[in-house]
Amino acid sequence: MYDFRKKCVSLDRLIGTFCAIPHPVAVEVAAASGVDFLCIDWEHSQIGRERLEDLVRAADVHKIPAMVRVPGHTPEWIAAALDAGASGVLVPRVSTAEQARMAVMACRYPPVGARGVGPGRAAGYGYRIPDYLKSANDVLAVAIQVETAEGLANIDDIVQVDGVDVIFIGPGDLSVSIDAMGPAGQDKLNAAIIRIAAAARAAHKAVGIFRPSADDVGKWSKHGISFYMLASDTMFLGAGLAAGAAAARSAS
């Protein structure tokens, strides 16, 4: 799991999924599937602060890195995810270079950042604080999500922020923000994605993206995208059951 950040910045193709079901069994099942990492979705789910640590622990059972998409930019949310033992964070709605810098500051201990030292699970509940302090700045991945018109406009400045490991593109919110929803807006959205990916790669940053399926991973890999979040546990559950039910109904 400690190779997670290294693999991100080395541009290894990494395949993960969002975990939105607030139960450790769902996370453990997802971790056993063969994905490279999981992202516990604290932003868009019913996952509470008191449940977060159990979900990270469930991923640890299969030695799969679990990052956390935090609800926002607040340093306390970022600290809570990292103290729970997450391998990194995904910070949503980053639209300016200053917001990106604040995300990095919240993730890194001094002198690089301003993260507070505490006796959380990541530090062995206080028993391994010195060891954790030695490694945390080097091994924890910092991903920021660019998903607004403002973020698109500021992308050249955002990608220059030191300490950001992955520029993650959120096509859904981006399409709404730039008025590129649906089939009619597909070309405009694709152009925005390519613009963000090109800027990130020019700055030697890894690029990630959410995709509802693996159908176009090859297409986006040609644009330098290497970090993929495929759907979510809830989406896979629904799609798998729907496909099975349809097959059963049509069986002769």
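Biologist: What percentage of the 252 residues of the protein count as buried?
Modeller: This is a predicted model, so every value is computed from it. A residue counts as buried under 20% relative accessible area. Of the 252 residues, the share that passes is 52%.

Biologist: How many helices and strands does the protein have?
Modeller: The elements are DSSP runs, numbered from the N terminus. The protein has 12 helices and 8 strands.

Biologist: What is the radius of gyration of the protein, and what does the globule rule give for 252 residues?
Modeller: The globule rule gives 18 Å for 252 residues. The protein comes close to that, so it is as compact as a globular protein of that length. Its radius of gyration is 18 Å.

Biologist: What share of the contacts with a separation of 6 or more joins residues 24 or more positions apart?
Modeller: A contact here needs heavy atoms within 4.5 Å. Among contacts with a separation of 6 or more, residues 24 or more positions apart account for 62%.

Biologist: Which residues of helix α5 are buried?
Modeller: Helix α5 spans residues 97–107. Cover for its buried residues includes the helices α4 (75–83), α6 (129–139) and α8 (155–158). The strands β4 (88–91) and β5 (141–146) are also among the cover. The buried residues are Ala97, Ala100, Ala103, Val104, Ala106 and Cys107.

Biologist: How many disulfides does the structure hold?
Modeller: A disulfide is a covalent bond between the sulfur atoms of two cysteines. The cut-off for a pair is 2.5 Å. The sulfur of cysteine 8 is too far for a bond, because its closest cysteine sulfur, in cysteine 39, is 11 Å away. The count for the structure is 0.

Biologist: Which cysteine holds the sulfur closest to that of cysteine 19, and how far away is it?
Modeller: Cysteine 19 counts as buried, at 1% relative accessibility. Its sulfur is too far from the closest cysteine sulfur for a bond. That closest sulfur is in cysteine 39, at 8.1 Å.

Biologist: Is cysteine 8 buried or exposed?
Modeller: Its relative accessible area is 2%. The cut-off is under 20%, so cysteine 8 is buried.

Biologist: Which residues does serine 226 touch, not counting those up to four places away in sequence?
Modeller: Serine 226 sits in the loop between α11 (217–221) and β8 (227–232). It is buried, with a relative accessible area of 7%. Beyond its sequence neighbours up to four places away, serine 226 touches Leu11, Asp12, Arg13, Leu14, Ala206 and Val207.

Definitions and conventions. Residues numbered from 1 in each chain as written. Predicted model: local features only at pLDDT ≥ 70, side-chain atom pairs only at ≥ 80, totals over all residues. Heavy atoms only, no water. Buried < 20%, exposed > 50% of the residue type's maximum accessible area, 1.4 Å probe, protein only. Helix = DSSP H or I, 4+ residues; strand = E, 2+ residues; numbered from the N terminus. Rg over C-alpha atoms; globule rule 2.2 N^0.38 Å.
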